[in-house]
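Please set every value against its definition.

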Amino acid sequence: MRRIEFIRIAAVVGLTSFAIAQDTNERLRLIHADLLKRETIDGQAYQKLQGNVEFQQGKTNIKCDLATQIFERDPAALIGHVKIVDDTRQLFADTVYFYQQQRKQIARGHVISITEADTTRADCISYFEKEDKVVSEKNVRISNVRDRSVVRGGLAEYFRKQKYGKVLMDPVMTKLDSSGKIAMTITGDSMEVLEGGKRLLVKGNVTIRQQATDAACGKLDYFKDEERSVLTQQPSVVHSNQHISGDTLVLYLEDSQLARALVTGNALATSDADTLNKGRWVNKLTGQTMDFYFSDKKLLRAVIENQATSLYHVIEKKQYKGVNEVSGDRIEVYLKDGAVQRVKVTSDPEFSNGKYSPPKG
């Protein structure tokens, strides 16, 4: 048996039985709808609000083209140009489903969630009230205007109370410089967002790419405000002609450009003495600690400490002149345009050594 009622509504204000907002004691009020349709099929009551639908619940305003629900059953559905606005966020979607008993909301289709901290876009965003968890799925894009960063991935989970999130399925973070150009790209198997987005923990096949710097490691701890990156698990960095590796590698940036690289534990740095004959003469620095200082994308100074050694090939006017080998407690190397200008050794006499070898033949 089927019974249908049509009621045309203009600026209606009243109570409805729609179960939408879940985490508030405020009553849901219908502000407006062009048409209210109630239908009974085999004893089951259906209701539909259609055309310029608007609800109010406390400080939350809800708008859509169509709202439907089976009476006292989940889910209630908002369909078409859905917009939900409160003090903390704005949500836009093609469709939003509300599950009262399970206390969850699922937004689908061109979903945009805007908060003070960031803007998230995805094909689907679900909110689970019990866990206070937000799950974003497919084509996830999280933009942060304050630090000019964008995180992309196939799946993202965020726990609001803990301010902890995780991005999986090919996560990528892109950071722009002050001019709007891509300054850095970070990839890995997984990304964890800590401290409300101030810290990023990336694990598995990590890569960092900048204009003049490429880095790789198994684990990256990135501190956004400090522009500091801590690389562990076989870290390595390639900057121009310099190849740097060690147990732990810390990169310090200034305006998204590499300013300093600190290596601790089994530090090694190599570079081609002649970039036109790569691999023929290789400069080499070793030690337990190395500190590299950069300016305008160029290496200016390197400080090596604890079992420090330096091997540099001398090339003048495209002619090979020999090799300098130095060891000591502390070695400072000063460079200009990639070429060594001066080497300073600080050490007890019995622990220092220097040797120059002219070219053979």
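**Terms and values**

Q: Why is Met-169 called exposed?
A: Met-169 has a relative accessible area of 54%. By definition, buried means under 20% relative accessible area, exposed over 50%, and partly exposed in between (1.4 Å probe, protein chains only). Met-169 is therefore exposed.

Q: What kind of model do these values come from?
A: This is a predicted model, in which local features need pLDDT of at least 70, side-chain atom pairs count only at pLDDT 80 or more, and totals for chains, interfaces and linings use all residues. Residues are numbered from 1 along each chain as its sequence is written, and side-chain values use heavy atoms, with hydrogens and water left out.

Q: What makes the phi of Met-169 worth noting?
A: The phi of Met-169 is near 65°, a positive value in a residue other than glycine. Most residues other than glycine have a negative phi. Met-169 is placed in the loop between strand 13 (164-168) and strand 14 (172-176); strands are DSSP runs of E with at least two residues, helices are runs of H or I with at least four, and both are numbered from the N terminus.

Q: Which other residue has a positive phi although it is not a glycine, and where is it placed?
A: Lys-138 has a positive phi of about 65°, and its place is in strand 11 (residues 133-144). Lys-138 has a relative accessible area of 57%, so it is exposed.

Q: How many helices and strands does the protein have?
A: The secondary structure comes to 0 helices and 28 strands.

Q: How does the radius of gyration of the protein stand against that of a compact globule?
A: A compact globule of 361 residues would have a radius near 21 Å, whereas the protein has 31 Å. The radius is taken over C-alpha atoms, and the globule rule is 2.2 Å times the number of residues to the power 0.38. The C-alpha trace spans about 105 × 35 × 30 Å along its principal axes.

Q: Why is the pair of Trp-281 and Tyr-320 called stacked?
A: The whole structure holds 2 aromatic pairs. The ring centres of Trp-281 and Tyr-320 are 4.5 Å apart and their planes are at 5°, so this pair is stacked. Rings of Phe, Tyr and Trp (its six-membered ring) pair if their centres lie within 6.5 Å; planes under 30 degrees apart count as stacked, over 60 as edge-to-face and the rest as tilted.

Q: Which parts of the chain does this pair tie together?
A: Trp-281 lies in the loop between strand 23 (257-272) and strand 24 (282-295), and Tyr-320 lies in strand 26 (residues 319-336), so the pair ties together parts that are 39 residues apart in sequence.

Q: Why do Trp-281 and Tyr-320 fall into the classes they do for accessibility?
A: Trp-281 has 14% relative accessibility and so counts as buried. Tyr-320, at 22%, counts as partly exposed.

Q: How do you know whether Ser-126 is buried or exposed?
A: The relative accessible area of Ser-126 is 5%, so Ser-126 is buried. Ser-126 lies in strand 10 (residues 119-128). Not counting residues up to four places away in sequence, Ser-126 touches several residues, including Gln-105, Ile-106 and Lys-133; contact means heavy atoms within 4.5 Å.

Q: What makes Glu-254 count as exposed, and which residues does it contact?
A: Glu-254 has 58% relative accessibility, and therefore counts as exposed. Glu-254 is placed in strand 22 (residues 248-254). Leaving aside neighbours within four places in sequence, Glu-254 is in contact with Glu-227 and Ala-259.
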